[in-house]
Amino acid sequence: MTRRRRQILIGGLVTALAAAGGAVAVSASGTTPPAAASGGELPPLVSQRLQALPDRGGLEGPASAAVQEFLARAYPNNAISVGQMDTARAAFTTTNRRPFPPGKGKKGSWVPVGPSEALYPATELRNSFLYVPNDYVAGGRTTSLAIADKCVPGNCRLYITPAGGGVWRTKDALARTPRWEYLSHSFGTNAVGAVTIDRNDRSGRTIWVGTGEANTCGSGCAAGVGLYKSTDGGDTWHGPIGKAVFAGQGIGEIVVKPGDPKTIYVGSTTALTGMSAVCCTGVTRPTPGAAKWGLYKSTDGGKTWHFIHNGSANAADCTGSQAEFDNTEVCSPRGVRNVELDPSNPNIVYAGSYARGIWRSPDGGATWTQIKPSLNPAIIQTRPAFDVVKLPNGKTRMYVHEGNTGTPISQLFRSDDVATGTPVFTNLTSSNVADPGFAWANLCATQCWYDLFVHSPDGHPDIVYAGGSYSYGQVIANKRAVVLSTDAGVTGTDMTFDGTDFLHPNGLHPDQHDIVVNPNNPFQFFEANDGGVMRSNGRFVDRSAFCDEPSRGLTNANQLARCRQMLSRVPERLDSINKGLSTLQFMHLSVSPHNSNVLQGGTQDNGTWETGGNPVKWENTMIGDGGWSGFDVADPNFRFHTFTATDIDVNFNKGAIADWIYVGGGQMGADPGTNFYAPVISDPKVSGTMFAGSGVTVYRTKTFGLGSRTIEEANEVCNEWTGTGPASACGDFVRLGPTPLTDAAWGDRAGPAVAAIERTTADRSTAWAATSTGRVFITRNVDAEPASAVTWTRLDDDATTPNRFVSSIYVDPKDGNHAWISYSGYNSNTPSTPGHVFEVRFNPATGTSTWRDLSYDLGDLPITDLVRDDVTGDLYAGTDFGPIRLAAGTRTWTRAAPGMPNVQITGLTILPKERILYAATHGLSAWRLNLK
């Protein structure tokens, strides 16, 4: 179909989507600040529901998934110490090194099953008015980039750090399809925040990497273990370096002093840890045992480190205390995110810290003066990204792109003399669409702690790039995810989409994190975002005529003029260079009961994916966030997926993107406190029956969530793309039992949310459930009518069991009264109730259960998921570092199999009859182990 034909077909849909996207009105004079649609990445129907509900977020920002995961590990405490992290890592290392017990070894090895080609296929439903408008090969969220000084065809090294996916390198970033190599096999964690090339090494082979993500985000910004250094371009590594000061933190910037490779500055921040397929609700705390967050300096190549700054004139004021974390002290509550050295005098150091603005030291960090106050010091997420560049007159120019959660809107500033004296900063931003400064207004909307950068290429002081999130719902320009100026920030043009088409151009994925340029061409950029890495071809075209398209609906003269100006120079072409990267952050994997090669999986920030057995290429079936997914026992065409919480879609056409029907409305959708990624399953025995866990209790549908509607009727009202809504009327999930499972009526361990639901194939009526506070339940009549007649029996109070987060339940397929249960968290937090893996048997005659601790020599290692090989009796467990195994009849935990790097396991899916075990990883996509 030609592009012109596509435009004709969906002209009406475009208008509808633009209206549904929640565009913020801008008056004729443009006096209303522009803002992103609150629905974010989700389609209009789900956006409508979320706008009507309270924010589920935590302190670090909206919808704090990683905050919740952190609490899953910490519960019943609210913090995880460095010592606990080290103990868990040591326990895994010990387990991983143990030989298999005699006669219990495995011949298989873990192999990746992709995707290394994660394709957003072209669709009429995804266009320039909504989201990634053309076909696009994605990678996982990528935090930082470093490009070599020499960049010519055939020789252009580019290093990238996908969040949770370690470090990757291509030796030719200019190739049509760059070849990527995974480098961080030896790292103690694959959570990486920064990569830097030491420019003192003319070969370009000295690389520094900082582990731990420094964005104060709630989307997997996990803590690190320190620095790693390579002197051979990443082939081998030394580290962790500086563990004593950097363990338990995130690293946002590494700067090596020109002319002195032994002098290194590192900016560190608070960070989180832990990731599994279901998570609890809570807030973060500073990591006990971790050093103070802030700016550190080494003068001996990393052997020793000295704390020199954290957003105050006197470093001694900074203690890393709870009060400092709570923003009631003089120092930064989250640490130093950006560091730069003056381009003319490397003894002048600039540092930007959360909620404390930008500071300057003239003497290598000995003394400090604030040169730009924080945009809002009362909001801890206020982040000042900045860059410095030398002017022809020898002075130093600084660009600052600063924002927080939207109070005030994010803005771009410039000063042309920051090296000495008291710099004067000019605000280049305007919320008036009639002003050219509109280009910079509110680029990162409400999540500047996560989506924010500014960059001015060396030698080109009038060129500046600023990156933010995605201006959903706006029709002025092209979403303004990345804006470029060539006149020192006076005006800007939109780099988000290229000029190949009006409706279906190539475009940047939402949520921008870093940018570098070809040292030979400041207009050819490489840009990192939540969808991996994009490359421009370094040339521009004028697409101001796109502003005159009737579907854009611009009639106001000022708006039309600004649109034409911002589209007068857009990239000629943008290309994904993610093919070959296997870096998606999977939360959960499901396997079709009709074909063991058909997999679905939800991913953080990149929606839901499916493969029919291809270990390389998977296709995206739904955008947004991706949580749980599944199939139906009888209908091979049925699929379900979740965005977050209990936002559930069902599909009767093999996951075709146009046919998703929302069924997460009603009382279930309104329940407070639901986990960010909540458990949702299809019944393994009864077609059409599904279960979901909210912040209150377990829900059930027996009609795929459609209720009395036919598929056709449900599509008319609840289709994600075309449904008339309202979303609250979509879905017929009902509560099971008279008393919610989180209710105080059950006694201790009340609240906060359902963490696990599982059924057995042994019958049609037995189910198990658990909460994030450690309650465990069984019901023998889960199929009862009415739903209120379902009766639950609490089991965890039958024995001394951990009052910690229940991370999984595996029910015996032949005996519904028999299950295996895993716990997250640390024994050191519940010393009187230790244990991570238990076997549980329920006696229906007495209504009581017996528990057997199978942790044995596991050590204090939190478990993220647990499954059983019903053929051999072996147990497989997921951890923050990889999968492990307890062979049947033994008391020794060992590695599950060789072949997989050190990576967080969010979920395990086993097919005992087919002899297959799948693992979902948080940063290195999906893996398979053949059990034969």
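This is a predicted model: local features need pLDDT of at least 70, side-chain atom pairs count only at pLDDT 80 or more; totals for chains, interfaces and linings use all residues.
**Asn529**

I looked up Asn529 and found it in strand 29, which spans residues 521-529. Its relative accessible area is 0%, so I noted Asn529 as buried. I then checked its side chain for polar contacts and found one with the side chain of Glu527, at 2.8 Å. Leaving out residues up to four places away in sequence, I listed what Asn529 touches; among them are Tyr136, Arg141, Thr142, His509, Asp511 and Met534.

**Disulfides**

I searched the whole structure and got five disulfides.

I found Cys318 joined to Cys331, with an S to S distance of 2.1 Å. Cys318 sits in the loop between strand 15 (306-309) and helix 6 (322-325), and Cys331 in the loop between helix 6 and strand 16 (336-341), 13 residues apart. I read a torsion of about -85 degrees about the S-S bond of this pair, so the disulfide is left-handed. Cys318 is buried at 1% relative accessible area, and Cys331 is buried at 0%.

Next I took Cys547 and Cys563, whose sulfurs are 2.0 Å apart. Cys547 is in the loop between strand 31 (540-541) and helix 7 (557-566), while Cys563 is in helix 7, 16 residues apart. I noted -90 degrees about the S-S bond, a left-handed link. Both Cys547 and Cys563 are buried.

Last, I recorded the disulfide of Cys718 and Cys730, S to S 2.1 Å. Cys718 lies in helix 9 (residues 711-718) and Cys730 in the loop between helix 9 and strand 45 (734-735), so the pair ties together parts twelve residues apart in sequence.

Methods. Residues are numbered from 1 along each chain as its sequence is written. Side-chain values use heavy atoms; hydrogens and water are left out. Helices (H or I, at least four residues) and strands (E, at least two) are DSSP runs, numbered from the N terminus. Buried means under 20% relative accessible area, exposed over 50%, partly exposed in between (1.4 Å probe, protein chains only). A polar contact is a pair of N or O atoms within 3.5 Å; within protein, one must be able to donate a hydrogen and the other to accept it, and residues adjacent in sequence count only if both atoms are side-chain atoms. Contact means heavy atoms within 4.5 Å. A disulfide is a pair of cysteine sulfur atoms within 2.5 Å.
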